[in-house]
Amino acid sequence: MRSDAAQNRAKVLAAAQRLIAESGVGVSTEEIAKAAGVGIGTVFRHFPTKEALVSEVFKASMATFVEEGRALLDLPDPREALFTLLRRSAKLSSAKHAHAGALAAAGISVDEAVAEGRAELPELLATLLARAQAAGTVRPDVGVQELAALMIAAGHAAKHSPRAVDLILDGLKAGQF
C-alpha cells in the first residue's frame, strides 16, 4: 500500500473509532469521511462496506485495549495496574456492545473480529492478577475466569452507576472479608 493510501486508511479508521465511540454505530460513512478529511470514495476503497469498517474499528479497539493493558505491566503498583484495566474495560463496555451488535446484525462473526485480541487477554489478565496477588493486594482466591466474569459485570454495572464498578473492585481487595 502506498504511504498516502496507508495514511488515508489510518485517518478513516481513527475518525470512525472516535465517531462511533461518541455517536454509536449509526454514524454515517459520509460523516466519517468528512471527519477524516477524505472523500466517501476513499472510505469505500479501504472498507467496501460499513460493516467492514465497523469490524476494523472493533478489531482496532480490542488491539488498543490489549496494548494499553500490556503497558500497565510497567506500573509499580500491581493492584492499581489490574484495577485500571478493569475500569477501562467497564468504560469501554457500551461501545463494545454497540460494535458487537452492529457486526452481528450484519452477519459478521464477532468472535472472528476479535479473535486476535481476545486470545491475548486471558494471559494479560492472568499476569496482572498474579502480580497483584503476589503483592498481597488482591484476594488470593480469585481466578482468571472469575476476574473475566467480573469484567463483564463491571461493564454492565457501569451503565447504571459508576460507583458500582468501585464496589466490585473493593470486593477484590485482599483482607476485605
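A: Let's start near the end of the chain, with helix α7 (residues 144-160) and helix α8 (residues 162-172), which pack with their axes 7 Å apart and at an angle of about 160°. Keep in mind that this is a predicted model. Angles over 145 degrees count as roughly antiparallel, and α7 and α8 are therefore roughly antiparallel to each other. The crossing of α7 past α8 is right-handed. On the α7 side, the contact is made by L147, L150, A153, A154, A157 and A158. From α8 come P162, A164, V165, I168 and L172. Sort those residues by class and you get 11 nonpolar, no polar and no charged.

So much for that pair; here is the wider setting. The protein has eight helices and zero strands, so if you read the elements from the N terminus on, they run α-α-α-α-α-α-α-α. There are 177 residues, and buried ones make up 36% of them. The protein exposes about 9600 Å², with carbon and sulfur atoms supplying 55% of that area. Among contacts with a separation of 6 or more, 65% are accounted for by residues 24 or more positions apart.

Helix α1 (residues 3-23) and helix α2 (residues 29-36) have axes that come within 8 Å and cross at roughly 120°. That angle makes α1 oblique to α2. Here, too, there is a right-handed crossing, with α1 passing α2. The α1 residues in the contact are K11, V12, A15, A16, R18 and L19, and they meet E31, I32, A35 and A36 of α2. By class, the contact of α1 with α2 has seven nonpolar, no polar and three charged residues.

Leaving aside residues up to four places away in sequence, L19 touches G24, V27, E31, I32 and A35. Take A35 as one of these: L19 and A35 are 16 residues apart in sequence, and 8.4 Å apart in space from C-alpha to C-alpha.

Helix α1 has another partner as well. The axes of α1 and helix α4 (residues 50-71) come within 10 Å and cross at roughly 80°. That makes α1 roughly perpendicular to α4. R9, V12, L13, A16, Q17 and I20 of α1 make this contact with L53, V54, E56, V57, A60 and S61 of α4. The class count for α1 with α4 is eight nonpolar, two polar and two charged residues. If you compare the residue lists, V12 and A16 of α1 turn up in the contact with α2 and also in the one with α4.

One last stop on α1 is A21, which lies in this helix. A21 is exposed, with a relative accessible area of 55%. A21 and V57 are 36 residues apart along the chain, and their C-alpha atoms are separated by 9.8 Å.

Methods. Residues are numbered from 1 along each chain as its sequence is written. This is a predicted model: local features need pLDDT of at least 70, side-chain atom pairs count only at pLDDT 80 or more; totals for chains, interfaces and linings use all residues. Side-chain values use heavy atoms; hydrogens and water are left out. Helices (H or I, at least four residues) and strands (E, at least two) are DSSP runs, numbered from the N terminus. Buried means under 20% relative accessible area, exposed over 50%, partly exposed in between (1.4 Å probe, protein chains only). Contact means heavy atoms within 4.5 Å. Accessible areas come from the Shrake-Rupley method with a 1.4 Å probe; for residues, only the protein chains shown count as cover. Axes are lines fitted to C-alpha atoms, for helices over the stretch in contact, and angles run from 0 to 180 degrees between N-to-C directions. Angles under 35 degrees count as roughly parallel, over 145 as roughly antiparallel, 65 to 115 as roughly perpendicular and the rest as oblique. A crossing is left-handed if the near helix is turned anticlockwise from the far one by less than a right angle, and right-handed if clockwise. Ala, Val, Leu, Ile, Met, Phe, Trp, Tyr, Cys and Pro count as nonpolar, Asp, Glu, Lys and Arg as charged, and the others, Gly among them, as polar.
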